[in-house]
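User: I am new to this structure and would like to learn how to read it feature by feature. Could you take me through it, giving the general idea before each case?

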Amino acid sequence: MKRFFAGLFFAMFAGALMAGAEDDFMAMRQAFQVGDSARVTAYAQRLQGHLLEPYAAYYQLRPKLENPVASADAVKQFLLRYQDTPLADRLQGEWLKTLGKTQQWDLFAEAYPGMVNRDTELNCYSLEQRLSASDASAFNDARPLWFSARDLPESCTAVFDALVAAGVLTVDEVWTRLRLALEAGNVGVAKRINQYLPESQALNERKLTAATENPLRYLEKHRNEIRTRAEREIALFAMLRLTRSGPDQAYAYWPRIRERFSEAEHSYFMVQLADQAARRLNPRALGWFTEAAGSVKPARLSDAQLGWKTRAALRAGDWELVLDTIEAMSVPEQQTGVWRYWKARALKEGGKTVEANAILAPLSTEHNFYGQLAEEELGVTIGAPTESHKATAEEIAVTERLPGIQRALALYRLNLRTESTREWAWVIRDFDDRRLLAAAEVARRNGLYDRAIHTADKTVQYHDFGLRFLAPHRDALHELLKQQELDEAWVYGLIRQESRFVSDAKSSAGAMGLMQLMPGTAKWVAKRLGMRKSPHTLAEVNTNLTLGTYYLKHVLTLFDNQPLLASAAYNAGPSRARQWRDEKPLEGAIYAETIPFSETRDYVKKVLSNSMYYASTFGHRITALKQRLGVVASKSNGDRLPEEEK
């Protein structure tokens, strides 16, 4: 009995110590955030020997990086002592950036090779260091960075200045990047690129601003002044702005200024017009692609543009064009699952079954949407996934003892998800399949469902589909699914995609909880159900599932019990899901492939794919994925949304 009370006292005492240490850690973290170095040091002394000691050391050292040379020895000691933590790589990156800003190139060159996670800012500092050391090969390594439509870190400016000064970048290549920036609508970036053009050739930035603000008014005012390349580029940019407002309007206006442009520029505009039309599911897109290709100097299509040309061909049912367009893509793009599948389908439609099956067979072994569709094309419907490996008790115990795993769990308990995820990603980065599955099981046991799924998803040869497709809260969902008459596998497929079962997940748009409900939607559903709720209860599991399943049933009913359309509506809104239909019935897989929003397109595929695996792991009757996707009915002239969906 004495041993029992002694053990109980020790456990309570240890727990109190842990709670006290966690309080100290959070107080230290807050002191670091407000720049109170004295308090950071005081709390750090109390955390010596604690699991989270590396953070205490980091918080003390980080402010000293402002003097990168003086802090060099301390940084090196930190990197040596805490090399098995993501903080080492993080601190090294921050120190290297300070060295780059102050051009301490000797120290930079010594430390940079040990860096694991290198971003563009560090890459440019490395290139600048190499240029300072007269490394001529740095010019060739720097060139690919130039051809970017987005804004790049300030550290790249010196590299680009050197490229221009050395004559490595031509004026035409400056124009190329300028166009890329304007195509992307990054006018600020375009203005910075403009500075690299000779003054006599540069864009008039006042006119560029005017074309940005009101492209049609700009064109009407200046259409008789289009003489130089700079004036043509601004006019083309204004036309691109018009295509985004409405491709038909832009095409109608183009003849008014067409004579001012070369054949190559005409083809360029037609490609941009066709691409925008395809992204809007405008049936004229293919005709405009054809007009662009018929030019004396046809513009070359990017992989992204070829992708949308292929999607337009799919909606048109032109399988020959689908095949031709996919084969025009770059080799790496053709090797992606999406285009391998549709190429095989096009070959099959053309009677080339042997060639099609040669593509489908290896694709069918991949555990994803296209692998499942490929399997069905070969005449197989997904069966129960093979559990090729279950982590042993010893493998799990060894994984649990890893300091990085322990830190990740401790940070998760403190609700510091970002830091916890970094620790987790760092420790599993080189794991083989067996260790990944052991780590995934540790995450599951500790309620880190998103990490469990993410980790199990990374395996290549050995798989555990029970971990890939976790199903927490089944008891809470059972009665709700019964009330709403919803397919359990589909609902789990959707929740997995929405939140990875993180109950307090909150998106940048404000969606909350397991089913990622927007506050406005939750309020509407709560009113329908006669529930009283506050924003604070929206993330509560039972409340979120009650509101979410009701709304999911609502959109499913709106779309004639088609999970494909209901999934699209749940993500992007019922109005858009309706607009994306065609004038004729459309194969569900083609509807999914041609959803204009890349986020929703990816979402819908994954939800339906997930539902197949959940049906299998739950032991439900297996319905083919093609059957789940169904056939999407044509648009109806009198279609109207209920008032609450407008």
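User: What does the protein average in pLDDT?

Analyst: The general idea is that pLDDT is the predictor's confidence in each residue, on a scale from 0 to 100. In this predicted model the protein averages a pLDDT of 93, and 94% of the residues score at least 70. Where pLDDT is low, the predicted coordinates should not be read in detail.

Analyst: Two notes on the conventions belong here. Because the model is predicted, local features need pLDDT of at least 70 and side-chain atom pairs count only at pLDDT 80 or more, while totals for chains, interfaces and linings use all residues. Residues are numbered from 1 along each chain as its sequence is written, and side-chain values use heavy atoms, with hydrogens and water left out.

User: How many helices and strands does the secondary structure of the protein come to?

Analyst: Helices (H or I, at least four residues) and strands (E, at least two) are DSSP runs, numbered from the N terminus. Here the count is 38 helices and 2 strands. The C-alpha trace spans about 100 × 65 × 55 Å along its principal axes, and among contacts between residues at least 6 apart in sequence, 61% join residues at least 24 apart.

User: How should I read burial, and what share of the 646 residues is buried?

Analyst: Buried means under 20% relative accessible area, exposed over 50%, and partly exposed in between, with a 1.4 Å probe and protein chains only. By that rule, buried residues make up 51% of the 646 residues. A nonpolar core goes a step further, being a set of buried Ala, Val, Leu, Ile, Met, Phe, Trp, Tyr and Cys residues joined through side-chain atoms within 4.5 Å.

User: Which residues touch the most other members of the largest nonpolar core?

Analyst: Trp342 and Tyr591 do, in a core of 103 residues. A second, separate core of 59 residues includes Trp175, Leu182, Met270 and Leu273. Leaving aside residues up to four places away in sequence, Trp342 touches Leu314, Trp319, Val322, Ile326, Tyr370, Glu587, Ala589, Ile590 and Glu593.

User: Why is helix α23 largely enclosed by the rest of the structure?

Analyst: Helix α23 (residues 369–377) is largely enclosed because 8 of its 9 residues are buried. These buried residues are Phe369, Tyr370, Gly371, Gln372, Leu373, Ala374, Glu376 and Glu377, and they pack against α21 (337–349), α22 (353–363), α36 (588–593), α37 (598–618) and α38 (625–629).

User: At what angle do helices α3 and α4 pack?

Analyst: Axes are lines fitted to C-alpha atoms, for helices over the stretch in contact, and angles run from 0 to 180 degrees between N-to-C directions. Angles under 35 degrees count as roughly parallel, over 145 as roughly antiparallel, 65 to 115 as roughly perpendicular and the rest as oblique. Helix α3 (residues 53–61) and helix α4 (residues 72–81) pack at about 165 degrees, with their axes 11 Å apart, which means that α3 is roughly antiparallel to α4. The contact is made by Glu53, Pro54, Ala57, Tyr58 and Leu61 of α3 together with Ala74, Val75, Phe78 and Arg81 of α4.

User: How far apart are the axes of α32 and α33?

Analyst: The axes of α32 and helix α33 (residues 541–558) are 9 Å apart, at an angle of about 90 degrees, and the two are therefore roughly perpendicular to each other. Among the residues making the contact are Trp524 and Val525 of α32, and Tyr550 and His554 of α33.

User: Is glutamate 485 buried or exposed?

Analyst: Glutamate 485 counts as exposed, at 62% relative accessibility, and its place is in the loop between α30 (474–484) and α31 (488–499). Its phi is near 55 degrees, a positive value in a residue other than glycine. Glutamine 516 also has a positive phi, near 50 degrees, but it counts as buried, at 12% relative accessibility, in the loop between α31 and α32 (519–529).

User: Which residues does leucine 145 touch?

Analyst: Leucine 145 lies in helix α8 (residues 137–146) and counts as buried at 15% relative accessibility. Not counting residues up to four places away in sequence, leucine 145 touches Thr120, Asn123, Cys124, Leu127, Leu152 and Phe160.

Terms used
Contact = heavy atoms within 4.5 Å.
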